[in-house]
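Trainee: Could you show me how to read pockets and a ligand site in a model like this?
Mentor: Gladly, let's take them in turn.

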Amino acid sequence: MSASDAIAREAGAVTDKSDKPVLRLDGICLKFGDKRVLNGIDLSVVEGEVVVLIGASGSGKTSLLRCINLLNVPTSGSIVIDDETLFDRQADGKGAQIPAQEVNRIRSKTGMVFQQFNLFPHMTALENVMEGPVIVKKEPKEQARQKALQLLDLMGLAQHVEKYPRQLSGGQQQRVAIARAMAMQPKVMLFDEPTSALDPELVGEVMKAMVELARSGMTMVIVTHELGFAFEVADRVVFLDQGLVAEQGPPAEVLLHPEHPRLKSFVGRFHESADLLRPFLEAREAEKAC
Amino acid sequence: MFDYTVITNNIGLLWQGLLMTLYFTVITIGAGMLIGLFIGLIQLSTFKPLVILGQVYVEFFRNIPLLVTLLWVYYAFPIFAGINVTKFWAGFIGLSCYVGSFYAEILRAGVQSVDPGQTDAATAIGMSYGQRMRRIILPQAFRKMIPPLAGQSIIQMKNTTLLSMITVPDLLYQASYISSFTYRPMEVYTAVGVIFLIILVPLTLLSRKLEKSGSLK
Ligand SMILES: Nc1ncnc2c1ncn2[C@@H]1O[C@H](COP(=O)(O)OP(=O)(O)OP(=O)(O)O)[C@@H](O)[C@H]1O
Ligand SMILES: [Mg+2]
């Protein structure tokens, strides 16, 4: 993608984005046994916003993402998705008790893409994508089928709809996984290192699909180590450190002028290892300055 | 030497015994599967008391010799419960509960061997516990369970021979009856062994085939 492309998108994006929060996390704390993993995370994501979560290994990125759809149940805090409370428990144990059925319904307003794809191995690509709409939303099969075919086509998988996951490459599997999540028409898409398990030559095709998704106005929260992607696509980069939001802001600020010492070394490591990026980033800076 | 007439003369009794053996094999495997499904799912629930109840059941029936269970259900249970238990019911209950405990373990192990990522993915698209189990977890678990289920069911057929100890006229009971008046136990028990081989070897081969086609799919 060219720089001008990205800028044009940014210009458009500003008008596109409303201030309506699709996702609001307040004071999310999570413990595994005695181990405190998240220590009070506040995060609000507005419609159409693309948020990239970065942080060192073990800083709690996966844990936070899994809290958003309650795959991990926080120790305390509250989660509101699309104006509906999914979770609410104060530190003193008080809060709203949300029935399991409601939890399942609200949680299906989020779509999740996993590092290991987690496709259903006993179903074809098409069946994987239809499963949610047919079983959870009780949509008529034919309608779900048409929609699934459309989504798979968008993901560039028209030729592979009848294949089983094991017959597909990692990149193709991950795109099926994206289609499967999209089929539920989520309000927000969650990605946990979607390209980390892929061979390098397959990373691009998945990234491309995600860029397109972002351009279509999808709200996204993405955990990734691909800082180039964050720079190009994110509206906001959030740096997690020891279960807390240590720094956040527009990618250019956070990635080029980090303040937090650990973010400095974190970003520095990436920049050093891919020093090729630096001239490019600086050129972008200059371009923006004019 | 080997006197075939002992068998040919008493083929009717052996046939009756075989039918009884097959009958008990089929009905106790059927009931055992229901028990196994129930107990297995209980063990997989997140409600601690239920989990413990399931474990107690499994350890109880798996660790007590089947013969003791059968004798206990037939002789002791009626005394405690104050109801009359026929030998058929005693055999049915004892054998079903016994094999059910093994099936429950097979189910539990099969379900737990499914990648937790599958549960995550199913949960993430909004599936309920029941939908997850039915659509995602059990279909994958069953495929892995075919070989141990087949193995346990074959053992179950052999285990029905213990029914003779509570005088249910199964194949082994008839064999000992025939030997008691022909004084030719060697011929009779050889015949019983051959009958089991003829039935179980093809079934073993079939289960291997199922296992292959299951893993292919
Ligand atoms: N199920 C669990 N039980 C116990 N501890 C856990 C569990 N899941 C995560 N943790 C711990 O929580 C901490 C945060 O883990 P998490 O996976 O969220 O980190 P991360 O930022 O995603 O790291 P990575 O970049 O390696 O994926 C780690 O110290 C981890 O060991
Ligand atoms: Mg992680």
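This is a predicted model: local features need pLDDT of at least 70, side-chain atom pairs count only at pLDDT 80 or more; totals for chains, interfaces and linings use all residues.

Trainee: Which residues lie nearest the centre of the largest pocket?

Mentor: Leu70(A), Val73(A), Phe87(A), Val103(A) and Arg107(A) do, out of a lining of 27 residues.

Trainee: What is the volume of the second largest pocket?

Mentor: About 370 Å³. Its lining counts 14 residues, and those nearest the centre are Leu44(B), Val111(B), Thr119(B), Tyr129(B) and Met133(B). For this second largest pocket, the elements giving two or more lining residues are α2 (11-44), α5 (87-112), α6 and α7, from chain B.

Trainee: Which element gives the most to the lining of the second largest pocket?

Mentor: That is α7(B), with four residues. By class, the lining of this pocket has seven nonpolar, five polar and two charged residues.

Trainee: Now the ligand. How many residues surround ligand 1?

Mentor: There are 13, and the closest are Ser57(A), Gly58(A), Lys61(A), Thr62(A) and Ser63(A). In this shell, β2 (35-46) and α2 (61-68) of chain A each supply at least two residues, and α2(A) has the largest share, with three. Sorted by class, the shell has three nonpolar, seven polar and three charged residues.

Trainee: Where should I look for polar contacts?

Mentor: Look for N or O pairs within 3.5 Å. Ser63(A) places a polar side-chain atom 2.5 Å from an oxygen atom of ligand 1. The backbone takes part as well: an N or O backbone atom of Gly58(A) is 2.9 Å from a ligand 1 oxygen, and a polar backbone atom of Gly60(A) lies 3.0 Å from an oxygen atom of ligand 1.

Trainee: How much of the area of ligand 1 does the protein bury?

Mentor: Ligand 1 exposes 630 Å² when taken alone, and the protein buries 60% of that.

Conventions
Residues are numbered from 1 along each chain as its sequence is written. Chains are lettered from A and ligands numbered from 1 in the order in which they are written. Side-chain values use heavy atoms; hydrogens and water are left out. On a 1 Å grid over the protein atoms alone, a cavity is a set of points where a 1.4 Å probe fits but cannot get out, and a pocket is an open set with protein on both sides within 12 Å along at least five of seven lines; lining residues have an atom within 4 Å of a point. Grid points are joined across faces, edges and corners, and a volume is the space filled by probe spheres set on the points. Ala, Val, Leu, Ile, Met, Phe, Trp, Tyr, Cys and Pro count as nonpolar, Asp, Glu, Lys and Arg as charged, and the others, Gly among them, as polar. A residue is near a molecule or strand if one of its heavy atoms lies within 4 Å of it. A polar contact is a pair of N or O atoms within 3.5 Å; within protein, one must be able to donate a hydrogen and the other to accept it, and residues adjacent in sequence count only if both atoms are side-chain atoms. Accessible areas come from the Shrake-Rupley method with a 1.4 Å probe; for residues, only the protein chains shown count as cover.
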